[in-house]
Amino acid sequence: MTIDSLPGSSGYLDLFPERRMSYFSNPYVLGLTVISGIGGLLFGYDTGVISGALLYIKDEFEVVNQSSFLQETIVSMALVGAIVGAASGGWINDAYGRKKATLLADVVFTAGAIVMAVAPDPYVLILGRLLIGLGVGIASVTAPVYIAEASPSEVRGGLVSTNVLMITAGQFISYLVNLAFTEVQGTWRWMLGVSAVPAVIQFFLMLCLPESPRWLFMKNEKAKAIAVLSKIYDIARLEDEVDHLSAALEEERQRKRTVRYLDVFKTKEIRLAFLAGAGLQAFQQFTGINTVMYYSPTIVQMAGFNSNQLALLLSLIVAAMNAAGTIVGIYLIDHVGRKNLALSSLSGVIASLVILSGAFFAKTSGSSNGIYGWLAVIGLALYIAFFSPGMGPVPWTVNSEIYPEQYRGICGGMSATVNWISNLIVAQTFLTIAEAVGTGATFLILAGIAVLAVVFVIVFVPETKGLTFVEVEQIWKERAWGSGYNNESLLEQGNES
């Protein structure tokens, strides 16, 4: 058996084109993806809903209205929880499985939503935000890995990107919910409490879904794993997939049975993979996406549109474009490839940020021409149009597929933690930097970071489109030790079988 003949590889699918699967060809896999992706919906909903809810929280609690520190704490405590949840979520995934990790995330998220809805004071509300964050953090690690491990390699990118689509859909829904509950008594309690509903729905639906077949193989539950794989592949490809999986995971078990966090940095090929994965997650945030999502109403008002209603409407359009762009990304990621998609996305992001920067520089120079306000809004729309198909899904997709099985949970959790920490840094510093150096200069800084991201992707991120997990692992070995290193060892067990 050669690498090109591995099940799911491009060579294998060229030999057996009738075994190639499309995004919609297996309703079971698609259903599993959507149900798992409800965690992404919760992730997106929470990041979007708090901006509208905070307006009404300030009305109810005068102490919050008078303290910007309390306002920042209410917003950022969910990010703090997400950092902790993501950091621990990798270990939970590896120790107890992807299914149980998802169920735990749902329980914690539901508890947080209930605590927020009934909070008698801001401090109990902050506790609820922490719990919500813990649930979101665990889910942000678990969903991409669970989907990737149940996906055929030729559609893995599109299926994992569906989780990102759920995130953007959650953000869009949050804007609609903010509008829907504006005239309802207990406004902010409904906004925050209603998020428990999808968490409860996912909990009960997940009870009907299986554990990840790869995790089952790692835990020596081969019969259960084969039962899951039989719902994904037809009988001809099933036998090849089972043989390949058995061989690859047996070798992994022999190499190392217990993985600790420090082990990620001790092995050169794992270190390189983590650098690529964590770097992508950091650049996703530092190129400004959540600045746009958190502060799009503020940016619109900065551009000269002072009506709250108009600002909210334009922000709703931004959220809709984000979701629509992600749908485009689902198609492109398995056709154009991860690396090419990221590079083209970043190129558009740089141009968009330069347009935004120019618009704000012109406005602060004293020009009263209304065209600069519209130019800022156009720059904002172009930013979303370029970011959402590429740098939205690519970091999560790449992180779900670049690590060996035994490292996948831990490395996925660590890279998601990098994402959440970067998210927190950007959210906490954007307005401060904008006040210090000006909005135009701030967007120019983000454009400079995006240029660095282009260089990073070119140098450190390999193309993984359509590759099996074994083929991806071989890429890192070759990058670490040279192209001749251990070329056949990955397939030793396969040859013996």
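Contact, as used in this note, means heavy atoms within 4.5 Å. This is a predicted model, in which local features need pLDDT of at least 70 and side-chain atom pairs count only at pLDDT 80 or more, while totals for chains, interfaces and linings use all residues. Residues are numbered from 1 along each chain as its sequence is written, and side-chain values use heavy atoms, with hydrogens and water left out.

1. Helices H2 and H7. Leu32, Thr33 and Ser36 in H2 meet Ala143, Tyr146 and Ile147 in H7. By class, this contact of H2 with H7 holds four nonpolar residues, two polar ones and no charged ones. For the classes, Ala, Val, Leu, Ile, Met, Phe, Trp, Tyr, Cys and Pro count as nonpolar, Asp, Glu, Lys and Arg as charged, and the others, Gly among them, as polar.

2. Geometry of that pair. Two packed helices are described by the angle between their axes and the distance between the axes. H2 covers residues 27-36 and H7 covers residues 122-149; they pack at an angle of about 175°, with axes 9 Å apart. Axes are lines fitted to C-alpha atoms, for helices over the stretch in contact, and angles run from 0 to 180 degrees between N-to-C directions. H2 and H7 are therefore roughly antiparallel to each other (angles under 35 degrees count as roughly parallel, over 145 as roughly antiparallel, 65 to 115 as roughly perpendicular and the rest as oblique).

3. The chain as a whole. The secondary structure comes to 24 helices and zero strands. Helices (H or I, at least four residues) and strands (E, at least two) are DSSP runs, numbered from the N terminus. Of the 497 residues in the protein chain, 60% are buried. Buried means under 20% relative accessible area, exposed over 50%, and partly exposed in between (1.4 Å probe, protein chains only). Among contacts with a separation of 6 or more, 82% join residues 24 or more positions apart.

4. Helix H10. In this helix (residues 196-206), Ala196, Ala199, Gln202 and Met206 are buried. Seen down the axis of H10, the buried residues fall within an arc of 125°, so they line one face of the helix; the arc is that of the directions from the helix axis to the C-beta atoms. An α-helix has 3.6 residues a turn, so residues three or four places apart point the same way. The buried residues of H10 pack against H2, H3 (38-60), H6 (98-117), H7 and H9 (187-193).

5. Asn419 lies in helix H21 (residues 405-437) and counts as buried, at 0% relative accessibility. Leaving aside neighbours within four places in sequence, Asn419 is in contact with Gln281, Gln284, Gln285 and Trp396. Ile92 belongs to helix H5 (residues 68-96) and is also buried, at 11% relative accessibility. Residues up to four places away in sequence not counted, Ile92 touches Gly97, Ala101, Leu104 and Ile138. Ile92 and Ile410 are 318 residues apart along the chain, and their C-alpha atoms are separated by 8.7 Å.

6. Two partly exposed residues. Phe286 is found in helix H15 (residues 268-286) and counts as partly exposed at 25% relative accessibility. Not counting residues up to four places away in sequence, Phe286 touches Ser422, Ile425, Val426, Leu446 and Ile449. Ile173, in helix H8 (residues 156-180), is partly exposed with a relative accessible area of 35%. Leu41 and Tyr45 are touched by Ile173, again not counting residues up to four places away in sequence. From C-alpha to C-alpha, Ile173 and Gly48 are 8.4 Å apart in space and 125 residues apart in sequence.

7. A loop residue to check. Asn220 lies in the loop between helix H11 (213-218) and helix H12 (222-229). At 59% relative accessibility, Asn220 counts as exposed. Phi of Asn220 is near 60°, a positive value in a residue other than glycine. Most residues other than glycine have a negative phi.
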